[in-house]
Structure formats: C-alpha cells, structure tokens
Amino acid sequence: MGLMGFLRNKAGVILTAAMAIAILAFLLGDVVRGGAPFWARHQNRVGEVNGTEIEYPAFSKQVEQTEEMFKQQMGGAVTPQMRTYAVQQVWNQFLSREILKKEIEKIGLTVGKDELNDLVQGNNPSPQIVQAFTNPQTGQFDPSQLRAFITQMNTSGNQQVAEQWEELLKGVRDERLSSKYGELLSNSVYVTSLEANEEYQERNKLADFKYILLDYASVKDADAKLTDADYQEYYNEHKSMFKTQEETRAIQYVMVDAKPLAKDSLAVKETINKLKQDLIVAKDDSLFASINSDNKFPFTYVKKGQLSPSLDSVVFNVAAGTTVGPFLNNNAFEIAKVVSTIVSPDSVKASHILLDPAAEGGMDKALAKADSIKGLIQKGDNFAALAVQFSKDPESKTNGGELGTLTRGRMAPDLETAIFESKTGDIKVVKSQYGVHVIKIEKQSGSSKYAKVAIIDKVINSGKETLNNAHSKATAFLSAATAQNFAQEAKKLGLEAKTASRVTAMDNVLDGAEAPRDLIKWSFEAKKGEISDKVFETETSYILASLVDIQPKGTLSLDAVKKDIEPAVRNMVKAKILKDKFDKALAGTSSIDQVAQKVGKAAIHVENVVFANPVIPGVALENKVVGTVFGLQPNKPSKAIEGNTGVYVVQVNGFTNPAAISDINGQKKQMLAAKAQRAWGSIFRALQDKAEIIDNRVKFF
C-alpha cells in the first residue's frame, strides 16, 4: 500500500493539477557541479535561470521520478506524451524556484518543522497530501491511507518509496512558501470606492441604441487588393502581438496515415477469440492473463463501476468460472474470466498492532507473540492500550492502533482477505510484507457483490501489410521530394503538405497531430530550407518534414507572420472601403435612419446592452463598438467604427442608470478577490520577463 498505489487512476486530475502547481513549486535542490571544467559543464547544461544552471544528471533524475509517478498513476509503460509532460513539469519547477528564489529570500519566508508536520498530519493538511491520499471509491481524504504509507516507508526500507515521500514533502513545503508569498501579494492589492462604483455601473448601466452593419463579407476579396504597404501598416499597429518568449520553427510536413484498417481489426479479434478458448481452460488464470494481455490489470476483487463499461455490464451477472467477451473498448478487444464472486462489505473500520519479526527474533517468535496478544484481547484486555505498548506502527499506535476506514484494492492481498472476509469483532493474526499484524474488525459498512476477474486485452494495431504500404509511400515521397518541390511531389502521391508555423522546442505535436520528439529535435538542428533525410514515425503515421523558417525569440518579422495576418489585413483594407461608404452617407445627415437609407441597410434597434458584456445581440463580441456607444451623447450618429464583423455606425437612444449601489463593501470585496487572483500571475510573468533564461532541453529530450 504505497504512495503510488494511492495515486492510481488519477491521471487526468494529476496532469492538470501538476501543470498548475508547477508554477508554485521548487522541488529541485542545488545543482552540484563538482570539479568538472567549465566547457564540460556547459555541454551538459539543460538550462540556466538568472545564472543558476541545471545539468543533465540532476534534471534527468527528476524527470525519471516524475515519469514513474505518471506511470503508477496511469498504469502501463511511459508514453512519449507522459515523458513530455514530465520534462515540462520538472522544467517549470526549476524555472519557478529560481525566478522566485531571490524574492522569497529577500522577504525571509520559511516553513518550520512544526508547520510542515501540521501540513502533513494536522487538521487541515496540504492540498497535495489530500490529493495523494484521497480514497478513489469515496472521493474523500483518507488519513488511514496516509498513516499506512508512513508505516510502510518506516518499515520497508524501500529507497524508492522514501524518495517519493521526500519529493512530496518538498512539494508541500514549497507550495506553502509560494502560498505565503502569494498572500503577501494579495495583501498589497486594494480597491477604492470609486473603482467599485465604476465596476457596478459597467455591469448594470443599460444602453438602448441602433446600429447599421456593413459586413466585411459584403466586399468581394477581389475588390480588396492587398499591397505590401497594407501588410506593413497592420504589422506596425499590432507589433506587440508578435512578441514571442522563445525561438520557434516553421515546419512544412507530410503525414502518411498508417492507422489500422478493418482487416487489422479483424486479425486482432481472431487472436483474442483464440485467447478466450485458452483462458477458459487455463490452470492459472492470473498468470495466463498477465502473460497475454497488452495492458496488465490487477488481479483483485472489484465491484460494479470499476471496469470498462462493457465488462462492467456483464461480469457481475454471470457465475464464477464464466469467461466473457470479446468487447471493444478504447481501441482494444477485451475478454475476462470471472474467477470467483463474493458479497462483501464496501468498507471496513479496523485497528491493528504491528510486530516487526526482526525485532522479535524471527517470524515464528513474532507469530507466537501475536497469538499471545490476540489471547489477551479475547480475554478482555484493552486493544488500544496493547497497541500503545506493543505496536511498531508509529502512526497508528498513538491512535490506539486505528487504521481508519479501509476499502478494497488499497492494501496487500493477505491483509485485504483478512479484513474483508471477517465479521465485526473478529481478531485475526496476519502476515504481510510489513510484518505480523493483530487485526481487530471494528465495523463493516455497506454490502456489494465483488468479482475477482482475470482480464486480457489486445490493442488494435496496424498489421505488417498496412505498415509496409504506408512506409513505401513515405519513402517514395522522400526519394522524390526537395525543399523546392515538397508540396508538388506530395500532391502527386495523393498526400497533402501542411505547414506548422510556430513550433517550439518542447512541442510534441504539429497542428494538433502527434509528432515524434526526434522530428522536433531535427528542426532545431537543421538549417532553413533543409529537408529531412529520414522518415519520422509515430504509432499511427509516417512524417516527412522540411524546415521552412527559423523565428528567433523576440518580435517576429513581418515575413514570418505575413501568411497568418493575411485575413486580418484583408479586413483592414475592406474596412477602409466600407468606412469611405459610411463617410459619404454621414455627410449632411442628422440621424442614423437617414444614413441607413443612403447605404441601403436597416438600422437595427437593440436594448439592455452593458459595457461589461460588449456583445451585439445575434452578431458578435464587439468591444470597440459597444465602448463607443457608452461614450456617445443620445440622438447623434457616430462616425464609422471598425469592428470584428464589419464596419458599424451607431446612435444612442438613451441609457438606463441603475439604482445606487446597495452594498459597496460587498462589491469591493468581490473585486478585491478577483484582483488578488490576477496579481499573482501578473507578477510572476513580470519576474519571468526580467529573468535571464537559457533553455537547452531540446538537446537532451
């Protein structure tokens, strides 16, 4: 029952939480450089922040530990995506620590021993502790799991478990430091009564107005000729939009599909049907399943809701010994043999006294002592007092041996059997990997049917013929293509050349599609205009690539963004045409209805529009247009306004002012909370912009 076991099946939560927590964490210790010469250190440098380097051995160890955590959470082997997440998380942690390090030191913030202990075992434990030791069945934090893990760590001598625990403690400590720093920032933020009133007005003052819209689509593209001067004008006005924090690449690529075909699916189904016949007669069900399944499933009792939907709907309705399937689930065929079924409590409250065989002079003596303790309990001696006297579990003995409320699938098999296949009041002596236990069943809750199930799955992968055909097409393209005729040669083979414009060094996708890391690494080593000399592979495709452009960190050039901004530039040119049309119509008119008549469009009446939600009903979000409305005097048409959808003219009929604000303090409190939340992100970004960051990860990962 280890930390990684407690975290299993939380991949989605952990992955998203990890990226959010990464900005607050400082998990990496000081980098020990030793006596290596400068040039050697520099070659081995993964990155540097404000003069502090992180070298490959230290960084790689952190990545491996994070990968192991993800592996335990999700089961199966480490995938390329998991590895990318791990590298990104460790980098974010290093970046965060170094960026905030001086700020934390300047202020003198620390986390004391008692404070850390309270964050782990106090009444309000750290969110990381709560997340790690939440019972997946109940969705509630389970302190007994925490105590059991600490017992395991103290008794097993497992170095990996100890390291996992130390990393978790570092995360708890550093999250608290960041929380303290964030609280100081929050306390520096304030809201005035004037600001509160202004915010209230923006959300409650109603505008009643008319508008005319000349849509950009009303001007043909052919009538909006784009010149270099137009591109330059738009670029100059929006230059701040083109600033990048890191170097990027523009990659032209062709993806040859190698996904499984119907015949591949049929072949896998034939394989699983053959395995089903063998599973029916197998002597050792769990061993047979483990050997033959693509994914390894725990061989333990489960209840309804814990299997894939297809298996879940069947296995609890058949007799023990029945083999079911195959069923298609997540691109894999599944079969399962129901080995046994029982009706069992859903949870059990239990206490134990743990004896260490080494301290008792061997297993036999430990078992004999456990039997003696069991006899004393059966005669009426106080269990809690005996736990304090004899138990080697430092966590539970102070609570009279209480393990808390336990559920299936969270402990060693022998312990689970003893706890869940007993009656309330039973006293059991059980051996486990932790030692010898004297267990008392305090209370049983709930009752469900449980099944022990041997599961085998076979993933539907592309067959040899499918892969060979796709690879042949890819190599044919590679032989014919050059950087100059890349798109044309692709078209000849029925393929499409696409361009991913802003690829960063640690990406693993091209326009949302999976891309192997060696392709991205190649693009950051290649020269502009170079074509790859190999076929890159993913699980479902072959990819060929050409490096179109190298975009350095900083403000991108006009050439680099020209293709991306073309639609916006075209609208800018169309806006000039439409503005000119409006300007002629506005001349000599005093109302919007007169303007509408001149341009041949209706003036649309809208009500109840507020400044804080600048939407033209039924049209689009139009910040500039609604902003103009709230700055106008009634009954006068505006000038032409360039919007997102087209060019507008508006005329205000009137405003409805809200009643005076009734609870200005409540308004200020609400605004303050939002401001404080934004303050942290803004300040971190400012510190990051000021930091001197060197990122060499692409050389190593």
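Before going on, a word on the model: it is predicted, so local features need pLDDT of at least 70 and side-chain atom pairs count only at pLDDT 80 or more, while totals for chains, interfaces and linings use all residues. Residues are numbered from 1 along each chain as its sequence is written, and side-chain values use heavy atoms, with hydrogens and water left out.

Now, the aromatic rings. A ring pair is described by the distance of the centres and the angle of the planes. Rings of Phe, Tyr and Trp (its six-membered ring) pair if their centres lie within 6.5 Å; planes under 30 degrees apart are stacked, over 60 edge-to-face, and the rest tilted. That rule gives 10 aromatic pairs. In one of them, Phe59 and Phe701 have ring centres 5.5 Å apart and planes at 50°, so this pair is tilted. Phe59 belongs to helix α4 (residues 56-74) and Phe701 to the segment after β25 (693-695), so the pair ties together parts 642 residues apart in sequence. Helices (H or I, at least four residues) and strands (E, at least two) are DSSP runs, numbered from the N terminus. Phe701 is buried too, with a relative accessible area of 6%. Tyr56, Phe59, Phe700 and Phe701 make up one aromatic cluster.

Which type of pair do Phe630 and Phe655 form? Theirs is tilted, with 5.6 Å from centre to centre and 35° between the planes. Phe630 sits in the loop between α24 (623-629) and β23 (641-642), and Phe655 in strand β24 (residues 646-656), so parts 25 residues apart in sequence are tied together. Phe630 is buried at 18%, whereas Phe655 is partly exposed at 25%.

Let's stay with β24. Of its 11 residues, 8 are buried, so β24 is largely enclosed by the rest of the structure. Strand β3 (residues 206-215) pairs with β24 in the antiparallel sense over 10 bridges; two strands pair if DSSP finds at least two bridges between them. Here Ile212 stands opposite Val649 in β24. β23 also pairs with β24, antiparallel over 2 bridges, and the two form a hairpin with 3 residues between them. Ile641 stands opposite Tyr648 in β24.

Conventions. Buried < 20%, exposed > 50% of the residue type's maximum accessible area, 1.4 Å probe, protein only.
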